[in-house]
Amino acid sequence: MATAEVERKRGQLAALSIAVVVVLVGVPLWWRTTETYRAWLPVNQINELAELQLQLSVDVEVVFSRGTLMPEQQKKVPFTRTQEEAQKVDDDTTLRYRYESKYRTANIMEEDALKQPTAAEADLSLHTLSASPCGSVVVYVIPETSVLLPQGVDVYIGHRRTAVLRMGAPMSVGKNHKQLLAHLEPRITQVVQVMSFSHTDITAALSDRVRLSPGSKESLADSMRSFKSSPGYEITFSLLNPDPKSHRLDWDIEGAVHSYIQPLLTKLAPLANFSIDSQILYYAMLGVNPRFDSSLEAYTLNADSLAHVINPVEARLGSNAASSNPVLNFLLYVPDAHHSPLYIHDHQKQPVASNAFHSPRWGGIMVYNVNDLYGRGETPLPVNININMEKVMGVFLAQLRLMLGVQSSPAPPGFLVEPCGGAGLADWELDRLMWSRTVENVATATTTITSLAQLLDQIGNILCSLSFAGSVNLFHYINNKLGTVTSLQLAVAELEAGNLGFALQYSKEAILASERAFFDPSLLHLLYFPDDQKFAIYIPLFLPMCVPILLSLIKIASEARQRRKLKQSKKD
Amino acid sequence: MLLCLTDGGIALFCVNPTSWQIIVFIYIYIYIYIYIYMGNVHSDKAGQFFNSGHTNNWAVLVCTSRFWFNYRHVANTLSVYRSVKRLGIPDSRIVLMLADDMACNHRNPKPATVFSHKNMELNVYGDDVEVDYRGYEVTVENFLRVLTGRLPASTPRSKRLLSDDRSNILIYLTGHGGNGFLKFQDSEEISNVELADAFEQMWQKRRYNELLFIIDTCQGASMYERFYSPNLMALASSQVGEDSLSHQPDLAIGVHLMDRYTFYLLEFLEDIHPSSTTNMNQLFKVCPKSQCVSTPGHRTDLFLRDPGRVLITDFFGSVRKVEITMETINLSSPMEPLPERINCTVHILYMCINKHIIPTAIIMYYVPRQKLLRDVFPCT
């Protein structure tokens, strides 16, 4: 009897201890070994970045020349004023604009410079006098009677970061300090908005983050036309010669690129890396049949058929296989002898002066007619033709500026903007681009990592390895590059301080790091297992083990209950 | 009968016309009506041009089967590939994933061909097929990597989906499928949840503007049940519980050449040319039950625009938006001479035209000046 009791007790103990081991050791071990590996992420900081509060600071210097200030106003100068404007874009995004204006009078050298006959020359000499860093604006105020600016023009914006503003009549301005500021401040704000950024530009740059409905067809076209911010671009110049039997074309593309395109790209170097190549394609036709217009005695391509020109040609254009940067194609088409001359007509059936068209986010095509360079039937074929690269590059440069987003809305009335000429880009246009690119980069980087954190939360099966965490992480990590979160915080701080150059650098690093993090190859999520498959795998493993344990536990519990009933009945 | 011309209720003049005058009147009325109507249609077209909001088109065409008896899946995919190329999408914007074991299969009585019509009418393999992922590279992992963009850095450009937030993408899948899954090359499956998650990741990174998803497998409708990202439109060849059937066998080749849904889809696409204005509602009517035996389905609740205003060419073709260049820059300075020879490599491609070898393309790659770190070599 005693042995049976001992046996029973030993059996009970065995069952209990197995159950304890399974529950306390087995289940946690199984849980840990089957969960997906997740490296530590600074989730709190990422969530903080979801709320974007940007402050953009511009340093404005306002210089009064002789004859603009009343004596009473002169006493107050020099002084500094700060204007702040807050705009709420949506629940998560607020923008603050801060204009720090320093008002002073002009010194002798500046007065001499302003005495030049034309505004362009004044601008040239003024530039040498002030060292305006990136992102700042200098406005020279000249009296109403000055002849520096032509009639009807109130503001002149030059190549650099200086503008010349014509003051209103002294009667309308008033005598004291307050009236002066009331007259000047809105006009100066308008000038600064043209030269650095306006609220519409910044909200357009935030389009990745805030999908605002476009105000008009023009703003939609603008947002669709220019390329998104990218670390590098590839530019390809192609010469299409469909008729090598008649034309032997010679274009000095190397020299043209060096003289005309390279200065622009060197100026844009802080924004992105550019790589250029060129090619010549023979027997490349346009794919659309031009119509012969007897009134002009020329062939015409109307605006509707232009859309179908690009596709057949694109198949022949090569691209650099090694990089994933966006490509800008610029094609120069010389029509064959039987279809010369070829003119492009716009929607109103008028010939286009540039004889060129462009496609958003792709590039441009120009048609170059050579029929007037040789007479028909006289010269032996093929004719040697030297292409005038100045004309060609003038068009390509304009198209390049459009593609890169340099062109902005037309200037307000009364403004005279100096055309950029050979340099390709005015300094203030570069500043504009840098402002919008920095904001765009910061917005895109924050959207990327916050949506990444959200995705990792939502899709539980994604593996999160260590190098990926380094891209996101706060501290300098494996490749000794700054993580996204640090770069973003630094970029926002530099924007607040008004250092545009540094802000752009940090924003570029932020975007590179965030793209590296989002597109890390190790982030492919594990294959999804539907519930019935999970049961089908675990049940044959766990059921045979759990059933005896459960049954013995039940038996122990029922025996314990029976004993208690016996004890109770014994008591009674 | 009295015919009166009124201006706001005041009779201007009334006539009691003869029958031919009535006819003339009616003709004038109809003419004016048509003129106004056509004017509306034109402005509608211009409005539609900017309505789509995309600037480029991409296509991802995947055939998920291998082995000779799945000939029809490869023919399906290649036929869609040809249509998409004909309508303008270039090879650089098409990611084609095929097992590609049909054309050179030992059992193929006509090697180097893949036919889509019986009596060997149309060879869809042709001379210029560019297959980006072939053979054993067509896996679930590679497909998901292409969609989400998480490819290793060494992947060449042709194997990537480099779409941006203004791209319309067409995704076409064909093969053997079941309720909620699609079989890849007889060894693995992709489930509808994974596909929906992949599309959500694409949306979060703004890798598409609008996406059209077409699937031609058995129980295809189950694959789009779980989508939850915006701007997706989906079409399937059969509902849950139904099988998609193949179209016609060819007795010379010995296998079925096409699936029914894709066959009728292609017949529909043959009528589309780059400037046609057919919209999506007509695409939904392709292959009714009488022709397809299965019931094709579609899903448009996640799509923001009205399908009646979406053109077929918004997804299958590549219609470019074009603007006239109005401004040019006046370059007055003459060209500067090059200070030193720039490092460049030259490639010349030749073609054989009319029995002569003629250079057809000369490609020069430059290294921009600021990148030069040491002495440069002259071009030879």
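**A sheet, a helix across it, and some ring pairs**

Phe79(A) and Tyr103(A) are both buried, where buried means under 20% relative accessible area, exposed means over 50% and partly exposed lies in between, with a 1.4 Å probe and protein chains only. Before going on, note that this is a predicted model, where local features need pLDDT of at least 70, side-chain atom pairs count only at pLDDT 80 or more, and totals for chains, interfaces and linings use all residues. Residues are numbered from 1 along each chain as its sequence is written, chains are lettered from A and ligands numbered from 1 in the order in which they are written, and side-chain values use heavy atoms, leaving out hydrogens and water.

Back to the rings. Over all chains there are 24 aromatic pairs; rings of Phe, Tyr and Trp (its six-membered ring) pair if their centres lie within 6.5 Å, and planes under 30 degrees apart count as stacked, over 60 as edge-to-face and the rest as tilted. Phe79(A) and Tyr103(A) make a stacked pair, at 4.5 Å centre to centre with 10° between the planes. Phe79(A) sits in strand S2 of chain A and Tyr103(A) in strand S3 of chain A, so this pair ties together parts that are 24 residues apart in sequence. Phe227(A) and Tyr233(A), by contrast, pair edge-to-face, with 6.0 Å centre to centre and 70° between the planes; both of these are buried too. Ring pairs also link Trp30(A), Trp31(A), Tyr538(A) and Phe542(A) into a cluster.

Now for the sheet. Helices (H or I, at least four residues) and strands (E, at least two) are DSSP runs, numbered from the N terminus, and two strands pair if DSSP finds at least two bridges between them. In chain A, 7 strands form an open sheet with mixed pairing, in the order S2-S3-S1-S4-S6-S5-S17. S2 (79-88) and S17 (415-417) of chain A are at the edges with a single partner strand each, so one side of each has no neighbour in the sheet. S2(A) and S3 (residues 93-105) of chain A run antiparallel, joined by 10 bridges; one bridge partner in S3(A) is Glu100(A), which goes with Thr82(A).

Finally, look at Glu111(A), in helix H4 (residues 108-114) of chain A. Glu111(A) is buried yet has no salt bridge, and the nearest side chain of opposite charge, Arg66(A), is 4.5 Å away. A salt bridge needs a side-chain nitrogen of Lys or Arg within 4 Å of a carboxyl oxygen of Asp or Glu; Lys and Arg count as positive, Asp and Glu as negative, while His and the chain ends are not counted.
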